[in-house]
Amino acid sequence: MAGTAMTATFLAVLAGASLLAVTARRLRPNDRLPSLEGWALADRSLGPLWTWVLLGGTIFTAYTFTAVPGLAYGNGAPAFFAVPYTVLVCPLVFVLLARLWTVARRHGYITVADFVRGRYGSAPLALVVALTGILATMPYLALQLLGIRAVLTAGGMYPRGATGDLMMVALFAGLAVATYRHGLRAPTVISALKAVAVFVSLTAVTWLVLVRLGGPGAVFEGAAQRLGSPALLLSPAHQPAYATLALGSALALLMYPHVLTAGFASDGSRTLRKTAVALPAWTGLLALFGFLGIAALAVGVRAPEGAAEAAVPMLVDRLMPGPLAGLVFGAITVGALVPAAVMSIAAATSFVRNVYVEYVHPTATPKRQVRVAKLVSLTAKVGAVAFVFGLRDQDAVNLQLLGGVWILQIFPAVAVGLYTRWLHPRALLAGWGVGMVAGTFLVVRDGFSPIVPLGTDAGPLEIYVGLVALLLNLTVAVAGSVALERLRVPRGADLTDLPPRLTVRRRPETGANNP
Amino acid sequence: MPGRAHTRPALITPARVVIALCLVAPFVAMLWVGSYARTDPALMGIPFFYWYQLLWVLLSTVLTMIAYQLWRRDRRARRSGGAAK
């Protein structure tokens, strides 16, 4: 059960987060009039350190920190696909996000759908990009709450019945108010606390686990005995799934609105590239979490049936001194608040920019846009809470899995569009549709499995569904573009100053050659 | 593709090739799962599979840092080149 010291530290971390949230207004303040750029992107003012904590804190959600060790505890080696996945994110941030930032800044784009709208001159394409983003983000938002609940319940910190639920609603309401008032600045300042709390507590926990269990060798040996030796190693049959999950997830991550929002908030493409250098530190942290899942096996923690994510909190509760355990639980809880806030901001911004202003109220003033965005961000959070209490946990997990497959379908429009305009917007729309339908079908058909067996002569090859759908999507987009080009179907104007083709000599990004 | 471009020599420079290699290397290493899905050689009792991936966390940091430095130098060179025109 929860000791006093543990509860005290836990509450201290939460209190620290609340205090920080109040000071959010002071982060790079300016006296400009209210604008969506100010609310949703903190006026694009974050330097390398802030970008690192915010981007890292947004990408590495509390759900990641509970799901990965849970998977390691339950399945062993396959869980570690998260390491290559997040390693690959860094070069992608370096190349794609930095380039996207430059275009976005130059043209005042706040969402990625703004970019698509400008690049292809196609309102329907921008709309599906925005809606896909919102759709994929919502279950992810709900999962953050589930992550908190799972961790706190397993650690004995979640009061039974209505008290616990009320506590969580109160915590979330506090966050909602801070986000409402200060926009992205709120999660940014909280993410600094998240980074400190998570890095300190994880290092301490890992060190203690190693000391208690007698070194990493003993941990792996113990776990191998419990799980059966091969489970700690990937069999050749599992390798394609491992690689494609890593690649597909990395490509998908950069398309999520919350990651793009955190990226757009930085103060330069140079800042983003610098951040990409330091992002792997977060991956190291995730690997430590995975290692703790294996340690939980070695110690012989018995997580309840179907709740493998409880294993590491139980391990922490069992092995760690009270204050440290409280710090871990506090860190994970705060860890959920950062991505949850960024997600609600990103979803709200997409809605305002690409649905509300585009279709409902084209002449909305910046002030009104901010007001609507604030209300939508509140709605998104209320929706997430309702989701958590109204639906089974497994539904959120399943929807998040689908969300990953869906969000990957905007990759051609966004990432390819950064380099060439050759793909026709209508072909991209068709490709998106095919990818969405095929991806959803493949996931649901196998009872919500992320991998699909493709029959070959040598036996079934298991591949991540998202990547299969993306390949179909790209095929349709390319074939469609060829056909539409031949039919001379007109396309919208390009409002960006990106080169239309990859082969054209690029202008220096510094603009030195510009008049 | 860059190779098809008949452009000024400035488009593909050795520095840019190195940048590209630094950024592509993690993809090759991490997606070639067969190269590291082994137990041996173990390091301090950690199976190869695990410590090799952790090693790549460090390597990718170093590689991205190299890419960043080269990119900055490249940009500075182009900026001064552009100003000279």
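**Helix packing and the A–B contact**

In this predicted model, helix α5 (residues 82-107) and helix α11 (residues 239-253) of chain A bring their axes within 8 Å of each other and cross at roughly 45°. Helices here are DSSP runs (H or I, at least four residues), numbered from the N terminus. The axes are lines fitted to C-alpha atoms over the stretch in contact, with angles running from 0 to 180 degrees between N-to-C directions. That angle makes α5(A) oblique to α11(A), given that under 35 degrees counts as roughly parallel, over 145 as roughly antiparallel, 65 to 115 as roughly perpendicular and the rest as oblique. The crossing is right-handed, a label used if the near helix is turned clockwise from the far one by less than a right angle. On the α5(A) side, the contact (C-beta atoms, placed from the backbone, within 7 Å) is made by Pro84(A), Tyr85(A), Leu88(A), Val89(A) and Leu92(A); across from them in α11(A) sit Ala246(A), Leu247(A), Ser249(A), Ala250(A) and Leu253(A). By class, that comes to nine nonpolar residues, one polar and no charged. Nonpolar covers Ala, Val, Leu, Ile, Met, Phe, Trp, Tyr, Cys and Pro, charged covers Asp, Glu, Lys and Arg, and the others, Gly among them, are polar.

As for numbering and cut-offs, residues count from 1 along each chain as its sequence is written, with chains lettered from A and ligands numbered from 1 in the order in which they are written. Local features need pLDDT of at least 70 and side-chain atom pairs count only at pLDDT 80 or more, while totals for chains, interfaces and linings use all residues.

The contact of α1(A) with α16(A) splits into 14 nonpolar, six polar and no charged residues.

Turning to the two chains, their contact takes 37 residues from chain A and 35 from chain B. On the chain A side, α5, α10 (215-227), α11, α13 (269-278) and α14 (280-299) each supply at least two residues, and α5(A) gives the most, with eight. That side has 26 nonpolar, eight polar and three charged residues.

In chain B, an unreviewed UniProt entry places "transmembrane region" at residues 17-37 and 49-71. Residues 17-37 of chain B are 71% helix and 0% strand, with end C-alpha atoms 30 Å apart. Residues 49-71 of chain B are 100% helix and 0% strand, and the end C-alpha atoms are 32 Å apart.

Notes. UniProt positions renumbered as here; feature names shortened; annotations may be inferred.
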